[in-house]
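Open the model in your viewer and keep the selection panel at hand. The tour moves from a helix pair to a sheet, then to single residues and model confidence.

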Amino acid sequence: DISGSGLATVSLASILSLALLLAYAGASERREHSQAAGLRAMEHMALHDSLTGLPNRFMMLGRLEQTLTTAQRHGSRLAVLFLDLDGFKPVNDVYGHHIGDRLLKEIGTRLRNCIRDNDTVARLGGDEFVVTLSDIREADDVAAVAEKILQAVAAPALIDGQEVQVTTSIGIAVYPDAGSDSESLLRAADAAMYEAKAEGRRLYRFAAPVAVTQPLAAHQGIQ
């Protein structure tokens with residue numbers, strides 16, 4: 001009858017309306033998830049090196065500031081290691097940039113394996129990396145990490161059937177001895193790195209002054 005037909009029409013309209021609302025809500029939720037994923041991807045890109053996936057300069061500086069704040073609060077020490085690869089340009093020239101890029105990724109992985117989870121390794125760009133070591137007890141502990149890095153970087157890498165090898169020079173600045181803020185520590189570590197290069201490469205040098213019982217400036221890596 002007419003009344004039954006009207007009820008059926010109303011019920012069908014209600015179902016269609018509800019279906020449309022649910023579809024809209026689902027689409028809206030998917031858009032929100034997509035937007036959130038996009039924001040996370042953009043944030044990751046802004047804070048990480050696109051080649052190696054390591055923290056970039058911006059993220060490294062932020063973490064260094066946090067580590068410095070903690071060190072100042074607790075009276076602890078930290079170290080900044082500035083690394084520059086030796087002989088990387090010839091790798092690009094001889095084997096091509098695709099081999100050089102893969103070598104940089106391999107070096108990044110090796111550096112991560114040389115440090116603790118609460119430390120940071122970042123790529124500044126080109127063949128420059130920075131390692132920050134938090135809550136160190138004495139400079140000899142930093143020297144041990146530097147030796148480990150020298151050996152890890154110097155190990156040959158087999159890439160696309162080509163055996164390639166580079167070394168690294170390392171400058172080390174210890175807080176608070178070589179600087180009281182991130183800028184001064186990075187500057188001191190960079191200068192010490194150039195000293196290591198000038199003295200033969202594949203070495204590490206501590207930035208002066210370093211208050212320890214033995215002359216750390218005389219430390220050097222494997223020959």
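**Stop 1: a helix pair**

Select helix 4 (residues 97-112) and helix 5 (residues 139-154): their axes come within 9 Å and cross at roughly 150°. This is a predicted model. An angle over 145 degrees counts as roughly antiparallel, so helix 4 and helix 5 are roughly antiparallel to each other. The crossing of helix 4 past helix 5 is right-handed.

Now show side chains at the contact. On helix 4, pick I107, R110 and L111. On helix 5, pick I149, A152 and V153. Colour them by type: five are nonpolar, one is charged and none is polar.

**Stop 2**

Five of them form an open sheet with mixed pairing, in the order 2-3-1-6-7. Which strands stand at the edges? They are strand 2 (120-125) and strand 7 (204-206). Each has a single partner strand, so one side of each is left without a neighbour in the sheet.

Bring helix 5 back into view. Helix 5 packs on this sheet, touching strand 1, strand 3 (128-136), strand 6 and strand 7. Compare directions: that of helix 5 makes about 160° with that of strand 6.

**Stop 3: two backbone details**

Most residues other than glycine have a negative phi, and most peptide bonds are trans. Two places here are worth a click.

Go to P176, in the loop between strand 6 and helix 6 (182-198). The peptide bond from Y175 to P176 is cis, with omega near 5°.

Then select D135, in strand 3. Is its phi positive or negative? The phi of D135 is positive, near 50°, in a residue other than glycine.

**Stop 4: confidence**

Finally, colour by pLDDT. The mean for the protein chain is 87, and 86% of its residues reach 70 or more. Select residues 210-219, where pLDDT stays under 50. For this stretch, the model has 15 contacts beyond four places in sequence. Where pLDDT is low, the predicted coordinates should not be read in detail.

Note on methods: Residues numbered from 1 in each chain as written. Predicted model: local features only at pLDDT ≥ 70, side-chain atom pairs only at ≥ 80, totals over all residues. Heavy atoms only, no water. Axes fitted to C-alpha atoms, helices over the stretch in contact; angles between N-to-C directions. Helix = DSSP H or I, 4+ residues; strand = E, 2+ residues; numbered from the N terminus. Parallel < 35°, antiparallel > 145°, perpendicular 65-115°, else oblique. Left-handed = near helix turned anticlockwise from the far one by under 90°. Contact = heavy atoms within 4.5 Å. Nonpolar A, V, L, I, M, F, W, Y, C, P; charged D, E, K, R; others polar. Pairing = 2+ DSSP bridges. pLDDT = per-residue confidence, 0-100.
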